[in-house]
Amino acid sequence: MAEVRFLPPAAKFIKKIKDSKLKKLYQEAIDEICMNPMIGEEKLGDLTGIKGYDIYYNRTNYELAYTVEYIQNENNGETELVVVILAGTRENFYEQLKRYWNG
């Protein structure tokens, strides 16, 4: 199972979620991604290297953007690291992601 780290925009959004069912769906999505980091949809163009995971709740589309990195551990092996970049509603999500990711 991969480790997970949150970048500030994702952590801020998830922390602000007040609906416990939506928060649970995000947690389940993150758990699923950690079990199989390749589950997300690979993005193209400016967002190459980023994967997206869709969450549908209460007639609203939510997104989770992440990357998978491999870090050396002390046993000279590699550990998978899931870096959650951004979470939020689908509306304007990819524009926000491009602004954040490409600076």
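A residue is called buried under 20% relative accessible area, exposed over 50% and partly exposed in between, with a 1.4 Å probe and protein chains only. The structure described here is a predicted model, in which local features need pLDDT of at least 70 and side-chain atom pairs count only at pLDDT 80 or more, while totals for chains, interfaces and linings use all residues. Residues are numbered from 1 along each chain as its sequence is written, and side-chain values use heavy atoms, with hydrogens and water left out. Helices (H or I, at least four residues) and strands (E, at least two) are DSSP runs, numbered from the N terminus.

Five strands form an open sheet with mixed pairing in the order β1-β5-β4-β3-β2, two strands being paired if DSSP finds at least two bridges between them. Because β1 and β2 (41-42) stand at the edges, each with a single partner strand, one side of each is left without a neighbour in the sheet. Strand β1 (residues 3-6) runs parallel to β5, to which four bridges join it; E3 lies opposite L81 of β5. Strand β4 (residues 60-72) is antiparallel to β5 and is joined to it by 11 bridges, with Y70 having E80 as its bridge partner.

Strand β5 (residues 78-89) is mostly covered, with nine of its 12 residues buried. In strand β4, T67 counts as buried because its relative accessibility is 7%. Apart from neighbours within four places in sequence, T67 contacts G49, I50, L81, V82, V83, I85 and W101, where contact means heavy atoms within 4.5 Å.

Helix α1 lies across β1, β4 and β5, at about 60° to β5, whereas α3 touches β4 and β5 and its direction makes about 130° with that of β5. For such values, axes are lines fitted to C-alpha atoms, for helices over the stretch in contact, and angles run from 0 to 180 degrees between N-to-C directions.

The axes of α1 (residues 8-16) and α2 (residues 20-35) come within 9 Å and cross at roughly 140°, which makes α1 oblique to α2. Angles under 35 degrees count as roughly parallel, over 145 as roughly antiparallel, 65 to 115 as roughly perpendicular and the rest as oblique. In this contact, F13, I14 and K15 of α1 meet K23, Y26 and I30 of α2.

In α3 (residues 93-102), the residues F93, Y94 and L97 are buried. They lie on the same side of α3 because they cover an arc of only 85° around the axis, the arc being that of the directions from the helix axis to the C-beta atoms. The cover over the buried residues of α3 includes β4 and β5. Just after α3, G103 adopts a positive phi of about 75°.

Most residues other than glycine have a negative phi. Against this background, N58, in the loop between β3 and β4, has a positive phi near 55° and is exposed, with a relative accessible area of 59%. N92, in the loop between β5 and α3, has a positive phi near 60° and is partly exposed, at 44% relative accessible area.
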